[in-house]
Amino acid sequence: MAVQRKRTQQKPKRLAARNGNGKAVVERNSVGRHAAEDAVRTLLRWAGEDPAREGLIDTPKRVVDAYLDWYSGYAIDPREYLGRTFEETAGYDEMVVLRDIEFESHCEHHMAPIIGRAHVGYLPTGKVVGISKLARVVDVFARRFQVQEKMTAEIARCIDEVLQPAGVGVVIEAVHECMTTRGVHKRGVSMITSKMLGSFRSDARTRNEFLTFIDIRDRR
Ligand SMILES: [Zn+2]
């Protein structure tokens, strides 16, 4: 007869907030801070360390504080940043581009840093947002565990859904530390991904205008 283990963990609670895919976001607090710090101590022991020695005694607390910052994107709905739009644009209907939005993210395969820059453009149809809001949208998605391709598409889709512009373009260039500091150890390799929607996808001139604006080739 199989012995049933006592269930000590409660089912994670759900927040009303949704992530970029419209899925409910698991509430971080379903795992308490103490359990998270214990997990860090376990990893320290596993690596061969003594978590009780002086230099490491506060490390679990510091790691959890850092994680609260790095993974803060789950608690935020990026659509809210784009909710406030300006319609008085004096008939401006040309492309809006924000380039070189620096971000730090973490890959979902190794929890290793992804350091990069995002370039975001859209062709408004009457509604524009404050440019800092585009950078905030990038930040929200970056502060979750990511795959670069997914993050690129999530940012583009979010802007497309909320602003309903004629088109959206997102290009991300990033260095993945799981590749540069371990594994194949290839330093200086960056990955470039892009997602084009609407006229950015269907109209080569619009796409080329965006790519000329962001000019990612010469700025190494
Ligand atoms: Zn990785």
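At roughly what angle do the axes of helix 1 and helix 2 cross? The axes of helix 1 (residues 33-46) and helix 2 (residues 59-70) cross at roughly 120° and come within 9 Å. Axes are lines fitted to C-alpha atoms over the stretch in contact, with angles from 0 to 180 degrees between N-to-C directions.

This is a predicted model, in which local features need pLDDT of at least 70, side-chain atom pairs count only at pLDDT 80 or more, and totals for chains, interfaces and linings use all residues. Residues are numbered from 1 along each chain as its sequence is written.

The protein has seven helices and seven strands. Helices (H or I, at least four residues) and strands (E, at least two) are DSSP runs, numbered from the N terminus.

Arg33, Ala36, Glu37, Val40, Arg41 and Leu44 of helix 1 are in contact with Thr59, Pro60, Lys61, Val63 and Val64 of helix 2; contact means C-beta atoms, placed from the backbone, within 7 Å.

A residue is buried if 20 or more other C-beta atoms lie within 10 Å of its own, exposed if 12 or fewer, and partly exposed in between, with C-beta atoms placed from the backbone.

| Side of helix 7 | Residues |
|---|---|
| Buried | Thr206, Phe210, Ile214 |
| Turned away, exposed | Ala204, Arg205, Asn208, Thr212 |

The buried residues of helix 7 pack against strand 3 (96-107), strand 4 (113-123), strand 6 (167-176) and helix 6 (199-202). After helix 7 comes Asp215, with a positive phi near 40°.

Conventions
Two residues are in contact if their C-beta atoms, placed from the backbone, lie within 7 Å.
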